[in-house]
Amino acid sequence: MQRTSQTRNAPMSPILHRSLRAFAAGVLILSVSPAMASIADDTVDVDHLIAAYHQAVVSHDAPRLAALFEPTGTAWFTVLSDDGLKRARAKTPDARKVKPGSVESFVRLVATSPSRLDPQHTKLQVRSDGAIATVTFDFSFRIDGTEQNRGSESWQLVKGSDGWRIVSIIYSSNPPRS
């Protein structure tokens with residue numbers, strides 16, 4: 001289904017419900033036959049991409065996570081909140097407010113972390129013309145059940161012949177006080 005200039009700014013519950021249905025269907029497919037699941041299934045629409053991202057992080061599935069990104073180039077930036085920068089500079093005087101990151105380093109973290117990772121998304125908004133999309137939301141990133149970071153996040157997506165892919169992620173970083 002192709003969308004035209006559509007914005008959703010509602011509580012996450014309808015999206016979460018669809019995502020959980022997609023997630024449950026994906027778990028069922030994976031438990032029956034891993035060969036049946038594919039990245040194309042993950043990216044059939046923006047909602048599937050978001051659900052696939054969450055499931056790949058939670059399950060530490062690095063190959064699946066990496067495949068959700070456009071392979072020809074991506075951008076990844078973190079912007080510390082003013083309070084977060086103040087606290088970071090108290091520990092490291094030359095801490096930067098805007099920090100580049102990479103898909104590769106996040107995929108490595110997901111692959112190698114022994115901890116339970118859980119990115120939570122609320123206030124989801126999607127704007128798309130069917131070829132490109134912007135997804136914005138508030139997030140809370142939890143590790144072993146404890147919030148390690150929160151803020152706002154924006155993804156830029158492109159739709160190629162093999163489905164939706166993430167081309168950039170930017171997010172504000174408001175880590176909790178230590």
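Is Val103 buried or exposed? Val103 is buried, with a relative accessible area of 8%. The views below come from a predicted model.

View 1. Read along the sequence, the order is α-α-α-α-β-α-β-α-β-β-β-β. The protein chain has 178 residues, and buried residues make up 35% of them.

**View 2. Val103 sits in helix H6.** Its relative accessible area is 8%, under the 20% cut-off, so Val103 counts as buried. Setting aside neighbours within four places in sequence, Val103 is in contact with Phe69, Thr74 and Trp76. Phe69 is 34 residues away from Val103 along the chain. Even so, 7.9 Å separates the C-alpha atoms of Val103 and Phe69.

**View 3. Helix H6 has buried residues and exposed residues on opposite sides.** Val103, Phe106, Val107 and Val110 are the buried residues of H6. Seen down the helix axis, these buried residues fall within an arc of 100 degrees, so they line one face of H6. An α-helix has 3.6 residues a turn, so residues three or four places apart point the same way. What does the buried face of H6 pack against? The buried residues of H6 pack against H3, H4, S1, S3 and S4. On the other side of H6, the exposed residues are Glu104, Arg108 and Thr112.

**View 4. The largest pocket holds about 610 Å³ of space.** Its lining is made of 28 residues. Thr78, Gln148, Asn149, Tyr171 and Ser173 lie nearest the pocket centre. Several elements give two or more residues to this lining, among them strand S1 (75–80), helix H6 (103–112) and strand S6 (163–173). Which element gives the most to the lining? Helix H5 does, with four residues. By type, the lining residues of this pocket divide into 14 nonpolar, 10 polar and four charged.

**View 5. Ser154 is found in strand S5.** Ser154 has a relative accessible area of 15%, under the 20% cut-off, so this serine counts as buried. Which residues touch Ser154, leaving aside its neighbours within four places in sequence? Ser154 is in contact with Thr134, Val135, Thr136, Ser168, Ile169 and Ile170.

**View 6. His60 and Lys123 each have a positive phi.** Most residues other than glycine have a negative phi. Phi of His60 is near 60 degrees. His60 is found in the loop between helix H3 (46–58) and helix H4 (62–67). With 24% relative accessibility, His60 is partly exposed. Phi of Lys123 is near 55 degrees. Lys123 has its place in strand S3. Is Lys123 buried or exposed? At a relative accessible area of 53%, Lys123 is over the 50% cut-off, so Lys123 counts as exposed.

Methods: Residues numbered from 1 in each chain as written. Predicted model: local features only at pLDDT ≥ 70, side-chain atom pairs only at ≥ 80, totals over all residues. Heavy atoms only, no water. 1 Å grid on protein atoms, 1.4 Å probe; cavity = no way out; pocket = protein on both sides within 12 Å on 5 of 7 lines; lining within 4 Å. Points joined across faces, edges and corners; volume = space filled by probe spheres on them. Nonpolar A, V, L, I, M, F, W, Y, C, P; charged D, E, K, R; others polar. Buried < 20%, exposed > 50% of the residue type's maximum accessible area, 1.4 Å probe, protein only. Arc of directions from axis to C-beta. Contact = heavy atoms within 4.5 Å.
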